[in-house]
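This briefing covers aromatic contacts, strand pairing and helix packing in one structure. Please have the sequence and the coordinates at hand.

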Amino acid sequence: MKTTPFAWKILLSALKNPRHWRQFQLSKLHSSAALHARKRPESNDLCSAFSAHTRLLKSGLLRDPAAANRLVTRYVKLREIERARRLFDELPEPDVVSWTSLVAGHVAVGRPATALWLYGRMRGSDVSPNEFTLATAANACSVLANLGMGRRIHAHVEAFGLRGNLVVCSSLVDMYGKCNEVDEARRVFDSMVDKNVVSWTSMMVAYAQSGEGKEALRLFWEFSYSRCGLPNHFMLASVVNACSCSGSLASGRTAHGAVIRYGHDTNDVIASALVDMYAKCGYFDYCDKVFRRIENPSVIPYTSMIVGAAKYGLGILSLGLLEEMVDRGVKPNDVTFLGILHACSHSGLVDNGLEMLESMHKKHGIIPDVRHYTCVVDMLGRTGRLDKAYELAKSIQVRPEEGALLWGTLLSASRLHGRVKIAAEASNWLIESNQQLSGAYIMLSNAYAMVGDWKNVHGLRFRMKHAGVHKARGCSWIEIKNTTYTFYAGDLWCPRRDEVVSLLKELEGKMKVKGYMGGIEGLVFVEVEEEGQEEMVSLHSERLALAFGLISTPKWVTIRIMKNLRMCGACHEAFKIISEIVEREFIVRDVNRFHHFKNGSCTCRDFW
């Protein structure tokens with residue numbers, strides 16, 4: 001580098017004044033770092049950070065706040081959080097930049113609780129947080145879904161006069177959304193003077209997470225007319241995910257149209273969201289069309305396809321997709337294997353599933369966790385291998401929140417196969433751990449009822465009432481001409497009530513001619529005569545939705561119904577017979593999987 005007379009003049013001045021000399025050294029160091037960054041794009045690695053740290057120590061410039069903050073930030077970006085922390089602790093007077101970098105670093109490496117502890121330390125010091133500090137603290141609350149601390153952060157935002165601030169409020173919207181406080185999120189969103197794509201996306205995600213897909217879509221159209229900019233792929237993916245949660249095919253198609261219009265239809269993230277959306281809306285054939293349009297699918301769309309196929313019990317297809325992705329050099333992850341094990345479970349492919357579990361670590365270097373073992377317990381339980389499933393569940397050491405799904409799965413399997421002793425132990429584990437109380441009581445009650453142990457049924461009923469535990473109400477919904485109609489078990493206050501009841505009675509008679517005997521599976525604490533039992537089953541929410549769909553749609557339209565609970569055996573058998581009687585197709589998405597009824601049979605092959 002050529003030295004000018006002006007540069008020599010500054011150097012001579014610096015030699016005479018120690019403060020100027022320190023500034024000169026700092027400037028030289030920063031210029032050198034910038035020069036190296038231009039020459040070597042890969043210079044921002046750990047060795048380079050060590051070199052910078054060494055130069056700062058030798059030059060005595062580590063006490064300079066700007067230089068120290070840059071180094072702290074550098075370590076944070078390299079995820080060397082412990083080195084960043086040690087350097088921070090050596091600073092005589094850390095400023096707001098130092099504190100914010102360290103707090104953000106702990107959030108980035110998955111230590112949000114430590115980040116909030118550091119934020120608390122900062123509040124106890126003389127340093128006041130700025131908008132970025134508060135936004136980072138709110139992000140930590142989002143990760144933890146810590147509503148109480150999040151509200152305190154919100155109070156600090158108000159106290160520091162940052163109400164309506166773009167950066168902070170976007171984080172608050174996300175935090176309230178993650179805590180399922182969508183109304184609070186909307187109030188913060190509405191208070192913002194200026195909004196950008198991030199803030200709009202945060203609000204849409206909040207709606208999606210709360211299952212309000214139509215509100216997310218409505219907000220998207222509002223954004224489109226606001227002229228705040230073009231939607232990015234994160235926003236479009238959030239809108240598609242919102243439609244997945246609500247199971248609204250019409251809304252999903254509208255969102256898909258927006259994706260195509262903005263040219264994001266081949267994006268990996270959005271394509272994966274579209275695959276998931278069409279699968280959850282009962283339109284699996286279209287999933288494959290979307291997937292095959294991706295030129296080089298990554299692990300994300302492959303996993304979406306595998307999970308979608310699993311929901312339909314297409315285990316062979318899921319296994320084929322795994323083989324295809326491995327052949328193409330795409331490395332599966334832990335979620336991919338969750339989908340594979342789930343597919344094997346819902347298809348009765350136990351040997352394949354056990355082989356996949358073993359191959360996770362041996363072939364792919366992925367250590368199975370409690371989620372994978374829960375799938376295996378489900379797989380064994382569904383095929384009647386309850387003893388093996390029970391031994392596996394007992395061998396896994398889990399925290400209560402992790403074990404809820406594991407023991408709930410074992411309870412469900414033991415109930416279906418009438419293994420009351422195992423059902424009782426699984427139920428007691430859940431009750432003692434204060435997990436899934438309603439489901440634990442109900443499934444154990446049904447297990448006792450199946451073997452005629454009415455004494456224990458009545459005892460459980462008393463315990464439920466005493467503990468204030470109530471059964472979740474059966475609910476089904478159907479979408480017709482962009483309008484969603486919801487039905488509840490036993491509730492005849494529904495649209496076109498007289499026509500619905502009349503059709504159900506007519507279908508009941510035709511089913512009995514074909515040999516349908518009905519059943520009481522799925523009911524709890526049944527204490528009515530046989531005729532009353534049949535009447536109660538016929539008023540399950542999915543049957544009400546089906547009858548309404550039959551009288552409200554043309555014959556060539558496939559009826560799609562969503563249900564919040566597992567479809568009971570009596571209704572499942574009824575749907576098969578009705579599909580043959582009326583010569584129509586029905587698709588039901590219950591809490592476990594999809595059922596496609598056609599010509600008197602179901603794609604699940606009575607295995608769910």
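Two strands are taken to pair if DSSP finds at least two bridges between them. On that basis, the bridge partner of valine 588 in strand 5 is histidine 595. The model discussed here is predicted.

- Strand 4 (residues 586-589) pairs with strand 5 in the antiparallel sense, over four bridges.
- Lysine 598 has serine 601, in strand 6, as its bridge partner.
- The hairpin of strand 5 and strand 6 has two residues between the strands, and asparagine 599 takes a positive phi near 55° there.

- Strand 1 (residues 475-480) and strand 2 (residues 483-488) run antiparallel and are joined by six bridges.
- Cysteine 475 has tyrosine 488 as its bridge partner in strand 2.
- Two residues lie between the strands in the hairpin of strand 1 and strand 2, where lysine 481 takes a positive phi near 50°.
- Strand 1 is joined to strand 3 (residues 559-563) by three bridges, again in an antiparallel arrangement.
- Isoleucine 478 is bridged to isoleucine 561 in strand 3.

**Helix packing**

- Two packed helices are described by the angle between their axes and the distance between the axes.
- For helix 23 (residues 386-395) and helix 24 (residues 400-416), the axes come within 11 Å and cross at roughly 165°.
- Helix 23 is therefore roughly antiparallel to helix 24, since angles over 145 degrees count as such.
- The crossing of helix 23 and helix 24 is left-handed.

**Aromatic pairs**

- A search of the whole structure gives 14 aromatic pairs.
- One of them is formed by tyrosine 278 and tyrosine 286, with 4.8 Å centre to centre and 50° between the planes, and this pair is tilted.
- Tyrosine 278 has a relative accessible area of 3% and is buried, whereas tyrosine 286, at 29%, is partly exposed.
- Phenylalanine 575 and phenylalanine 597 have ring centres 5.4 Å apart and planes at 55°, so this pair is tilted.
- Because phenylalanine 575 lies in helix 31 (residues 569-582) and phenylalanine 597 in strand 5 (residues 594-598), the pair ties together parts that are 22 residues apart in sequence.
- Phenylalanine 575 is buried, at a relative accessible area of 0%, and phenylalanine 597 likewise counts as buried at 0% relative accessibility.

**Aromatic cluster and charges over rings**

- Phe189, Trp200 and Phe223 make up one aromatic cluster.
- Over the ring of phenylalanine 189 sits the charged end of lysine 195, 4.9 Å from the ring centre.
- Arginine 253 lies over the face of tyrosine 283, at 4.9 Å from the ring centre.

Notes: Residues numbered from 1 in each chain as written. Predicted model: local features only at pLDDT ≥ 70, side-chain atom pairs only at ≥ 80, totals over all residues. Heavy atoms only, no water. Phe/Tyr/Trp six-rings, centres within 6.5 Å; stacked < 30°, edge-to-face > 60°. Buried < 20%, exposed > 50% of the residue type's maximum accessible area, 1.4 Å probe, protein only. Lys NZ or Arg CZ within 6 Å of the ring centre and 35° of its normal. Axes fitted to C-alpha atoms, helices over the stretch in contact; angles between N-to-C directions. Parallel < 35°, antiparallel > 145°, perpendicular 65-115°, else oblique. Left-handed = near helix turned anticlockwise from the far one by under 90°.
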